[in-house]
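Subject: Structure for you to look at

Hi,

Here is the structure I promised to send over. Please open it beside this email, and then read on for what I found.

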Amino acid sequence: MVSLIALLALSPEILHGLPLRTIVLTYHDVIECRDAKSLWFDCTTAELKAQLDWMEKHGAHFISLSQLHQHLVSGTPLPSHPVAITFADNYLGYYLRAWPEFRRRHIPSAMFVHTGFVGSRVGRPKMTWDQLTELDRSGLVTVGSQTVSHTSVTTLPPARVRVEFADSKRDLERHLGHAVAYLAYPNGSFDDSSARVAGATGYLMAFTERLNPAEGSPSIFEVARYVHTRYRQAWKDANR
């Protein structure tokens with residue numbers, strides 16, 4: 001049964017009284033340079049630096065997911081031109097290339113992890129539990145769930161979705177030593193059922209990949225994010 005808290009959190013009125021101005025970006029792997037194996041959602045180190053430079057030049061203030069959550073559920077004020085940066089898929093490229101840049105600039109970011117692949121060297125290498133713990137303890141990185149298997153939850157029955165959400169949350173909390181509050185749906189795919197299961201499983205906020213400022217999201221369990229290649233569109237949408 002979905003808890004009363006989850007039902008209340010799904011109420012769109014919580015978000016819709018706020019002006020549309022907060023950008024949430026999602027990145028994936030960060031690579032050194034492009035080659036024949038590069039994918040459209042890859043970001044090179046140079047591209048990442050250029051995007052951060054552009055946003056800083058235009059007055060961006062980078063915020064944590066905790067700040068974003070408090071703003072969306074209670075209207076807590078944010079600084080001007082707020083931007084939250086997230087990453088998907090737990091790629092080692094974040095640790096090697098993005099993290100040093102965020103640490104140097106003191107920019108908060110979040111990493112969503114599919115826990116069934118932590119430490120994997122199959123395909124593109126993934127970060128280990130030790131690396132995730134190091135990031136988590138830095139105070140600049142929020143580690144969240146992206147399920148266990150990274151299967152699109154819209155293809156699974158609700159009982160299996162619950163297992164994916166709950167088991168990932170449990171494993172993250174066991175390794176990190178504290179509660180994990182945030183979830184990203186694999187590939188941004190979700191439906192009303194999975195959004196309700198997210199609330200019932202104990203998450204406080206969940207993310208899609210809809211292209212809207214965060215305040216335009218239908219609920220706290222359907223928070224919109226722009227793919228990083230659309231960062232200028234995101235800026236235009238949030239600063240009309």
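Let's start with two helices. Helix 6 and helix 7 pack with their axes 10 Å apart, at an angle of about 70°. That makes helix 6 roughly perpendicular to helix 7, because angles of 65 to 115 degrees count as roughly perpendicular, under 35 as roughly parallel, over 145 as roughly antiparallel and the rest as oblique. The axes are lines fitted to C-alpha atoms, for helices over the stretch in contact, and angles run from 0 to 180 degrees between N-to-C directions. Helices (H or I, at least four residues) and strands (E, at least two) are DSSP runs, numbered from the N terminus.

Two notes on the source. This is a predicted model, where local features need pLDDT of at least 70, side-chain atom pairs count only at pLDDT 80 or more, and totals for chains, interfaces and linings use all residues. Residues are numbered from 1 along each chain as its sequence is written, and side-chain values use heavy atoms, with hydrogens and water left out.

**Helix 6 and its surroundings**

Which residues of helix 6 meet helix 7? They are Trp129, Leu132, Thr133 and Asp136, and they meet Asp171, Leu172, His175 and Leu176 in helix 7. Contact here means heavy atoms within 4.5 Å. Trp129, Gln131, Leu132, Thr133, Leu135 and Asp136 are buried in helix 6. Buried means under 20% relative accessible area, exposed means over 50%, and partly exposed is in between (1.4 Å probe, protein chains only). The cover over these buried residues includes helix 5, strand 6, strand 7 and helix 7. After helix 6 comes Gly139, with a positive phi near 85°.

Now look at Pro125. It sits in the loop between strand 6 (109-113) and helix 6 (129-137). Is Pro125 buried or partly exposed? Its relative accessibility is 32%, so it counts as partly exposed. Leaving out residues up to four places away in sequence, Pro125 touches Asn90, Tyr91, Leu92 and Ser120. Pro125 and Val161 are 36 residues apart in sequence, and their C-alpha atoms are 26 Å apart in space.

**Strands 6 and 7**

Strand 6 and strand 7 pair in the parallel sense, over 5 bridges. Two strands pair if DSSP finds at least two bridges between them. Strand 7 is mostly covered, with 4 of its 5 residues buried.

Thr147 lies in the loop between strand 7 (141-145) and helix 7 (158-176). It is buried, at a relative accessible area of 0%. Apart from neighbours within four places in sequence, its contacts include Val113, His114, Glu164, Phe165 and Leu183.

**Strand 1**

Strand 1 (residues 23-27) is largely enclosed by the rest of the structure, because 5 of its 5 residues are buried. In a regular strand the side chains alternate between the two faces of the sheet. On one side of strand 1 are Ile23, Leu25 and Tyr27; on the other are Val24 and Thr26. Strand 1 runs parallel to strand 5 (residues 82-88), joined by 5 bridges. Ile23 stands opposite Val83 in strand 5. Strand 1 also runs parallel to strand 10 (residues 226-227), with 2 bridges. There, Thr26 has Val227 as its bridge partner.

**The cores**

A nonpolar core is a set of buried Ala, Val, Leu, Ile, Met, Phe, Trp, Tyr and Cys residues joined through side-chain atoms within 4.5 Å. How many residues are in the largest nonpolar core? It has 39, and Leu25, Met55, Val83, Ile85, Phe87, Tyr94 and Phe102 touch the most other members. Helix 5 (residues 92-105) gives the most to this core, with 6 residues. A second, separate core has 31 residues, including Leu68, Tyr203, Ala206 and Phe207.

Helix 3 (residues 45-57) has 13 residues. Its buried residues are Thr45, Leu48, Gln51, Leu52, Trp54 and Met55. Gly59 follows helix 3, and its phi is positive, near 95°. Beyond four places in sequence, Met55 is in contact with Leu25, Tyr27, Ala60, Phe62, Val83, Tyr231 and Trp235.

Last, find Arg105 in helix 5. Arg105 is buried, with a relative accessible area of 16%. Its contacts beyond four places in sequence are Lys49, Leu52, Asp53 and Glu56.

Best wishes

Terms used:
Expected span 1.5 Å × (residues − 1).
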